[in-house]
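Let's take a walk through this structure together. We will start with a sheet and then turn to the aromatic rings.

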Amino acid sequence: MEILKGVFLVRGEVSNVYLVKVSGGYVSVDAGTPGDYERITAYLRSAGIEASDIKVIVLTHSHWDHAGGLKKLRELTGAKIAAHREEVPYLRGEVGTSRRRFEPVDVDIMLDDGDEVYGLRVIHTPGHTPGSICLLNTSQRSIFVGDLVYEEQGRLREMHHHYSKDPHMNRASIAKLVNYDFDHVMPSHGNPIIGRGREALRQLISELGM
Ligand SMILES: [Zn+2]
């Protein structure tokens, strides 16, 4: 589903995958679960997007429901894989995780805060995992937030503490986002918030007493 011009949402079995049109092709934000592969390929067919048009898969973080489908999606597309430097050991399977496991993959592009990857700006927002990132698309005024927050009934919510490695750090990362300029928030769980993304973020911050 094209939710904004050039931004496509593929709903996975657990989390969202976004395809973003950039100059020269598409960026895939996350890769879903291993089982989401069929959903993604079916979507590409229906949208008339060639698999090889996906130039890079950027991971918001290394949890199974975001990175589990990575290996197959890379094989299909030939895309490069980009992730924050601190997430790389988990993706390569060098460091164990308490979460569900998936086939390890190598990372081609290591990201740091402030980097730009195919036109998307990297904002390091640690807490949920050490190398969680948000991706800001300044031309489309949208931000892809991974599991920093999720959407429920039109509002943004803090991820349940149980799911985050450092919930307090995650909260500090939520507060950091108000410094950026965007209108639309694209969460990995729930629906995108179109037009009033900043307002929804401010509301969450005030609910959290920050
Ligand atoms: Zn997660």
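A word on the model comes first: it is predicted, so local features need pLDDT of at least 70 and side-chain atom pairs count only at pLDDT 80 or more, while totals for chains, interfaces and linings use all residues. Residues are numbered from 1 along each chain as its sequence is written, and side-chain values use heavy atoms, with hydrogens and water left out.

Begin with the open sheet, where five strands follow the order 8-9-10-11-14 with mixed pairing. Strands are DSSP runs (E, at least two residues) numbered from the N terminus, and two of them pair if DSSP finds at least two bridges between them.

Now to the rings. The whole structure holds three aromatic pairs (ring centres of Phe, Tyr or the six-membered ring of Trp within 6.5 Å; planes under 30 degrees apart are stacked, over 60 edge-to-face, the rest tilted). Tyr-18 and Phe-144 make an edge-to-face pair, 5.3 Å centre to centre with 65° between the planes. This pair links distant parts of the chain, 126 residues apart: Tyr-18 lies in strand 3 (residues 16-22) and Phe-144 in strand 11. Both Tyr-18 and Phe-144 are buried (under 20% relative accessible area, 1.4 Å probe, protein chains only; exposed is over 50%, partly exposed in between).

Key:
Helix = DSSP H or I, 4+ residues; strand = E, 2+ residues; numbered from the N terminus.
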